[in-house]
Amino acid sequence: MSTVHQQDLKDRPARLTVGVVGAGRVGPALAASLQLAGHRPVAVSGVSDASRRRAETMLPDVPLVPPAEVLQRADLVLLTVPDDVLPGLVTGLAETGAVRPGQLLVHTSGRYGARVLDPALRAGALPMALHPAMTFTGTPVDVQRLAGCSFGVTAPEELRLAAQALVIEMGGEPEWISEQNRPLYHAALALGANHLVTLVAQSMELLRTAGVEAPDRMLGPLLGAALDNALRSGDAALTGPVARGDAGTVAAHITELRSHAPQTVAGYVAMARATADRALAHGLLKPELAEDLLDVLADGADGTNGTGGTNGGGTNGTHGTEGNDR
């Protein structure tokens, strides 16, 4: 936990009133964290019944009001709405005169930097993009998870220190992301976190089909070790049949997946190709084994039984570059 959370309130600078527009999973958690730092949530807006219940749980006694009234009451406004909704929301708030000069306007979108807030900037607001690199549940545990969480920070240079200070007050670690790199930054996080959930869920389903009674218990230690090894060693942590060049094993995998879970074949083949690329580039996969492996993956992608290479064909050597396809 950041030491800022542990300071006496009397030692802090003037506290801010905080409003939340969009009571999804993120906004109430950030407002609750700012409350721990001594700031005062004063208003929240939410449309669905679920968002209203979430606000009442995470921010008890904070009134639910329309978005314009949130801006009227708060010094610091968190815009925690879906990415595709954000530009229109900002434009609408600015055009209706809801934005006040000197008001801190913070959005939590990973995709956008500070420029999406330009309509509010022209109205006198102070724009910041503070994106927590964390997955949220919409429960109080999210506040605890913010301790040590990295935030992607983008703001005008003159607001950089203020933006970083807000992150630190929430217990997070600020990481400066340039405006032009925000989409790439967000794509990297989605690739690593969102797709991981899909992979784990698919793996658990397959294990249940194979008769494993507690797939979560089986996968927990394995995935924990794999994640730790990957964070420590990168591509050097690659193991398994693709990195070894075991084309016959990969062909058997594709055959079984096509029989029991055909919806997983495309993802398996795509990830196997990407793994083969990285293993080959880092000297883990021997070039003489890569050809048969890539033949198998090409066959699997084409909907055949994945029995190419030395296990049934594919000797023309034309698939050596196909692992680079995306």
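Analyst: Grid points are joined across faces, edges and corners, and the volume is the space filled by probe spheres set on the points. One caution: this is a predicted model, so local features need pLDDT of at least 70 and side-chain atom pairs count only at pLDDT 80 or more, while totals for chains, interfaces and linings use all residues. Residues are numbered from 1 along each chain as its sequence is written, and side-chain values use heavy atoms, with hydrogens and water left out.

User: What volume does the second largest pocket have, and which residues are closest to its centre?

Analyst: The volume is about 830 Å³. Its lining has 24 residues, and Val 26, His 131, Met 134, Thr 135 and Phe 136 are the closest to the centre. Strand S5 (126–132) and H8 are the elements giving two or more residues, with H8 giving the most, 8 residues. Helices here are DSSP runs of H or I with at least four residues, strands are runs of E with at least two, and both are numbered from the N terminus.

User: What is the volume of the largest pocket, and which element gives the largest share of its lining?

Analyst: That pocket comes to about 2700 Å³. It is lined by 47 residues, and closest to its centre are Leu 199, Leu 223, Ala 226, Met 271 and Thr 275. Helix H8 (182–209), helix H9 (215–233), helix H10 (241–244), helix H11 (247–260) and helix H12 (265–281) each give two or more residues. H8 again leads, with 12 residues, and by class the lining has 25 nonpolar, 17 polar and 5 charged residues.

User: Which residues have the most contacts inside the largest nonpolar core?

Analyst: In soluble globular proteins, nonpolar side chains tend to be buried together. A nonpolar core is a set of buried Ala, Val, Leu, Ile, Met, Phe, Trp, Tyr and Cys residues joined through side-chain atoms within 4.5 Å. The largest one has 31 residues, with Leu 34, Leu 59, Leu 76, Leu 78, Met 128, Leu 130 and Phe 151 making the most contacts inside it. Elements supplying at least two of its residues include strand S1 (17–21), helix H1 (27–36) and strand S3 (76–79). H1 gives the largest share, 5 residues. Another core of 22 residues lies apart from it, with Val 42, Leu 86, Val 99 and Tyr 112 among them.

User: Why is H1 described as largely enclosed?

Analyst: Because 8 of its 10 residues are buried. Those run through Gly 27, Pro 28, Ala 29, Leu 30, Ala 31, Ala 32, Ser 33 and Leu 34. After H1 comes Gly 38, with a positive phi near 105°.

User: Can we finish with two loop residues? Is Gln 103 buried or exposed, and what about Asp 61, buried or exposed?

Analyst: Gln 103 is in the loop between helix H4 (86–95) and strand S4 (104–107), and its relative accessible area of 1% makes it buried. Its side chain reaches the backbone oxygen of Leu 71 at 2.6 Å, a polar contact (a pair of N or O atoms within 3.5 Å; within protein, one must be able to donate a hydrogen and the other to accept it, and residues adjacent in sequence count only if both atoms are side-chain atoms). Asp 61, in the loop between helix H2 (49–58) and helix H3 (67–73), is exposed at 81%. Its phi is positive, near 70°, in a residue other than glycine.

Methods. Buried < 20%, exposed > 50% of the residue type's maximum accessible area, 1.4 Å probe, protein only. 1 Å grid on protein atoms, 1.4 Å probe; cavity = no way out; pocket = protein on both sides within 12 Å on 5 of 7 lines; lining within 4 Å. Nonpolar A, V, L, I, M, F, W, Y, C, P; charged D, E, K, R; others polar.
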